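Subject: Structure handover

Hi,

Here is the structure you asked about, followed by my notes. Please read them with the model open.

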Amino acid sequence: MKEKMRNKPLRTLAAVCAAASLCGPALQAAPVSPTVPEIWQAPQPHQGSVAELAQWWQQFGEPALPDLLAAAQAASPSVAAAATRLAQAQAQRVAAGAGLAPQLNASASAQRSRPDLASGVLNTAQAGLQFSWELDVFGGQRAARDAAVARQQGAQAQWHEARVSVAAQLAQGVLALRACEASVAQAQADAESRQHSLRLTQVLRQAGFESEANAAQLAAGQAQAQAQVQALAATCEREVKALVALTGVAEEPLRLRLQARRGQLPEPVGLGVSEVPAKVLQQRPDVFAAERQLEAAAADLTEAQAARWPRISVGAHWAACKWPPKASLTPARCGR
């Protein structure tokens with residue numbers, strides 16, 4: 001009878017492990033991947049080489065743009081927030097991976113006391129070591145780790161997406177400034193031409209060859225052209241202020257950097273595109289992050305299903321205590 005009672009826990013554990021071997025694969029929930037065509041009619045720029053793509057901004061025809069891009073990414077709140085989310089995801093991945101490993105905890109304490117006036121001083125020291133390991137029979141902890149890994153990859157993709165967004169915003173700002181400067185130069189040339197025509201007309205009017213009405217009409221056109229120059233100049237000032245806010249660079253140094261190509265539109269190197277492989281979709285940060293979120297959700301489902309089953313763990317506890325004049329070592333607890 002006693003032998004049967006001792007073997008009952010072992011039989012129960014064997015039954016649980018057998019159920020785990022049968023039910024474990026059924027708990028895995030694989031994400032559904034969308035079907036995409038093999039190829040579109042356009043190749044990846046620079047054959048997908050990251051090193052060559054990094055030189056794109058240097059080929060943009062704007063020498064100040066690479067430095068301003070680095071400054072904008074360093075000052076961008078969206079990039080900083082994405083970097084923070086990435087750091088949090090990395091910490092969660094480390095914590096989820098640690099759940100699969102055995103846990104070892106150590107403790108130590110010392111106490112000096114005097115129970116009463118008649119006895120002497122009593123010194124007590126205690127040290128303990130505890131070992132525990134939860135067996136991931138149903139795959140819940142592995143699923144939690146896989147979800148954390150997928151979320152980290154998604155956070156990294158979103159960090160790249162924030163950097164790309166800042167780069168595009170900066171490029172648009174620089175292009176808008178250059179276009180505005182070119183418009184100012186054109187409007188200034190038009191105003192100077194109208195001013196020259198007005199002077200000639202006034203000379204002819206004084207000589208009696210032009211009417212007062214033509215002179216007044218040319219004067220109104222010249223004033224309108226000058227007002228257009230001032231309006232465009234104000235727009236250019238707003239574009240400069242926007243670049244200052246975007247890059248975090250002081251206005252005077254920023255103007256000095258942009259002075260070299262004032263009023264000249266960038267001339268980037270053209271790309272000849274004839275085909276694009278389907279995997280180019282996976283290079284989009286938003287698509288990649290969405291795919292990782294799908295994988296993380298599938299892993300969460302597996303973890304939730306595994307939580308319905310019992311948890312099996314093994315552990316041990318050692319404690320060493322010392323009282324004068326002897327020390328003892330017991331497997332579970334200390335006792336005087």
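Start at glutamine 222. Leaving aside neighbours within four places in sequence, glutamine 222 is in contact with Ala191, Arg194, Gln195 and Leu198 (contact means heavy atoms within 4.5 Å). Glutamine 222 sits in helix H6. The residue counts as buried because its relative accessibility is 13%. Buried means under 20% relative accessible area, exposed over 50%, and partly exposed in between, with a 1.4 Å probe and protein chains only.

Some ground rules. This is a predicted model: local features need pLDDT of at least 70, side-chain atom pairs count only at pLDDT 80 or more, and totals for chains, interfaces and linings use all residues. Residues are numbered from 1 along each chain as its sequence is written, and side-chain values use heavy atoms, leaving out hydrogens and water.

Overall layout. The protein chain has eight helices and six strands. Both are DSSP runs numbered from the N terminus: helices are H or I with at least four residues, strands are E with at least two. From the N terminus on, the order is α-β-α-α-α-β-β-α-α-α-β-α-β-β. Of the 336 residues, 25% count as buried. Take contacts between residues at least 6 apart in sequence: 77% of them join residues at least 24 apart. The chain exposes about 21,600 Å², with 58% of it supplied by carbon and sulfur atoms. Accessible areas come from the Shrake-Rupley method with a 1.4 Å probe; for residues, only the protein chains shown count as cover.

Back to H6. This helix covers residues 212-247, 36 residues in total. Its first and last C-alpha atoms are 53 Å apart, close to the 52 Å expected at 1.5 Å a residue. The expected span is 1.5 Å times one less than the number of residues. Buried residues of H6 include Ala215, Gly221, Ala225, Leu232 and Leu243. Their cover includes helix H3 (65-75), helix H5 (140-207) and helix H7 (251-258). Glycine 248 follows H6, with a positive phi near 75°.

Now the cores. A nonpolar core is a set of buried Ala, Val, Leu, Ile, Met, Phe, Trp, Tyr and Cys residues joined through side-chain atoms within 4.5 Å. The largest has 29 residues; Leu68, Leu170, Leu177, Leu243, Leu254 and Leu258 touch the most other members. H3, helix H4 (77-98), H5, H6 and H7 each supply at least two residues of this core. H5 gives the most, with 10 residues. A second, separate core of five residues includes Ala143, Ala147, Ala296 and Ala299.

Beyond its sequence neighbours within four places, valine 174 is in contact with Glu62, Leu65 and Leu243. Its C-alpha is 9.7 Å from that of alanine 64, 110 residues apart along the chain. Glutamine 141 is also in H5, buried at 17% relative accessibility. With neighbours within four places left aside, glutamine 141 is in contact with Gly99, Leu100, Glu134 and Asp136.

Last, the surface. Leucine 104 lies in strand E2 (residues 103-113). Leucine 104 is exposed, with a relative accessible area of 57%.

Best wishes
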